[in-house]
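Hi,

Here is the structure I promised to send over. Have a look at it first, and then read on for what I found.

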Amino acid sequence: MAEKLQALKQQVCSSIDEAKDKLHRLGDAIWRLPELAYEERQAHDTLVRFFTQEKGWTVEAHYKLETAFRATWGPVGGADGESVVHVGFLCEYDALPAIGHACGHNLIAESGAAAAVGLKAALESGEAWPVPVKVTVLGTPAEEDGGGKVDLLREGAFEDLDVVFMAHPTQKNATYLPAVAVHSVLVKYRGRTAHASAYPWEGVNALDAAVMAYSNISVLRQQLRPEWRIHGIIKHGGVKPNIIPDYSELEYYLRTSSHLDLPNIRAKAEACFRAAAMATGCEVELLFQKNEFYEVLRNRTLEDLYEENGKALGMKFTTEGFSGSTDFGNVSHAVPGIHPYFYIGSEALNHTAEYTAASGADEAQLYTRRTAKALAMTALDVIFSPGVLDKVKQEFREAKRREERNCKSRNIENGDQHQP
Ligand SMILES: NCCC[C@H](NC(=O)CCN)C(=O)O
């Protein structure tokens with residue numbers, strides 16, 4: 001079995017390399033037409049067309065969301081009565097405002113598609129294999145803003161998957177980087193205009209409320225846990241210096257190491273926003289994002305297998321770094337999975353114009369294909385190595401039990417504490 005598995009892994013690699021031109025065209029087409037969260041219509045169409053042109057995939061366009069899709073192959077192989085092993089690969093493809101694919105989501109889509117195509121080709125190349133296998137590619141939009149994976153989870157899109165894989169471009173290879181929980185909020189203040197010089201006392205100043213809110217949050221930071229973050233911008237602060245602003249708007253991200261702490265940081269931030277309204281006489285409206293993102297729930301069994309496969313392909317791994325947040329975190333609390341990071345041939349930093357250039361550069365292709373190979377090889381380990389899937393699922397169950405215990409202890413703690 002070990003020799004067979006090794007031969008299949010080699011087949012994955014050669015299949016992905018043979019498909020390199022069409023995979024490059026796929027990622028490049030997405031990179032050239034950057035689209036924002038929930039508006040990734042061209043990227044959706046490009047990926048749907050790609051899998052439609054590949055033989056054997058059942059493709060569902062506009063899958064539960066306008067710009068989501070699902071492509072499935074199988075169940076194939078195995079013996080009657082055997083339970084199906086269902087592997088999922090996720091594609092992100094949303095860009096950032098003004099700077100395009102500065103987080104390399106075009107390469108997430110390319111690597112997810114490549115891993116699925118490579119795994120299917122390898123499975124089709126060998127003789128029958130022990131268990132029936134199903135491969136699903138899910139196009140999951142709006143990671144940067146809104147959280148398409150959370151919407152898809154709510155709609156049951158992940159229900160019968162056994163494991164999920166995706167990978168994210170960054171400056172180094174890492175099997176895991178701390179991804180924290182996040183919830184974003186839009187804050188709107190409404191006051192009353194007046195001539196700012198002739199009779200300022202008649203105005204109710206919405207910009208004052210925004211500035212006070214910003215200052216309240218800034219001092220709150222001293223009393224937050226070191227791994228928590230609150231950061232934001234003033235999106236609107238007025239139109240002319242001699243018109244007291246009657247409207248201001250801020251957007252904030254609230255981040256905690258566990259999603260179980262989001263209610264706590266939300267309450268503290270809300271007190272800051274409401275205090276500014278009270279002090280200025282403004283009305284305040286708080287619009288929390290529909291979806292909160294969870295921290296990533298690790299699966300070290302999958303991480304270790306991925307690292308072993310990556311090293312076999314020449315990857316060097318780091319454990320240093322920090323990744324912000326991702327809606328993959330919510331997925332990882334529902335299905336065992338990994339969200340590794342991969343080097344693309346550039347030291348540029350994500351969310352910069354330099355990274356936009358790097359994610360569209362030819363040099364990124366070799367690293368993207370290498371990552372896809374490691375993902376598909378890890379999927380083969382899950383399918384072919386006896387006991388691996390059971391170990392993955394056992395680790396997942398234990399992590400969920402720990403989380404339930406944490407949730408209970410926090411509820412007890414919060415029940416005793418005075419909330420601001
Ligand atoms: N409101 C969600 C923001 C998610 C965003 N994610 C990343 O940057 C990860 C890379 N795409 C964040 O600010 O963490």
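How many residue pairs are in polar contact between domain 1 and domain 2, counting those with both residues at pLDDT 80 or more? The count is eight. Bear in mind that this is a predicted model.

First, some orientation. Domain 1 is made of two stretches, 2–179 and 296–403, while domain 2 covers 181–292. The contact draws on 14 residues of domain 1 and ten residues of domain 2.

Now the area. Between them, domain 1 and domain 2 bury about 830 Å², and 37% of that lies on carbon and sulfur atoms. On the domain 1 side, look at Gly146, Ser325 and Glu403: together they supply 40% of the area this domain buries against domain 2, more than any other three residues.

Charges next. There is one salt bridge between the two domains. Asp151 forms a salt bridge with Lys290, and their closest N and O atoms are 2.8 Å apart. As for the side of domain 1 that touches domain 2, helix H5 (residues 148–154) gives the largest share of it, with three residues. That side as a whole divides into three nonpolar, six polar and five charged residues.

Cheers

How values were computed. Residues numbered from 1 in each chain as written. Predicted model: local features only at pLDDT ≥ 70, side-chain atom pairs only at ≥ 80, totals over all residues. Heavy atoms only, no water. Domains from an automatic or database assignment. Contact = heavy atoms within 4.5 Å. Buried area = accessible area lost by both parts, 1.4 Å probe. Salt bridge = Lys/Arg side-chain N within 4 Å of Asp/Glu carboxyl O. Polar contact = N/O pair within 3.5 Å; in protein donor to acceptor, adjacent residues only side chain to side chain. Helix = DSSP H or I, 4+ residues; strand = E, 2+ residues; numbered from the N terminus. Nonpolar A, V, L, I, M, F, W, Y, C, P; charged D, E, K, R; others polar.
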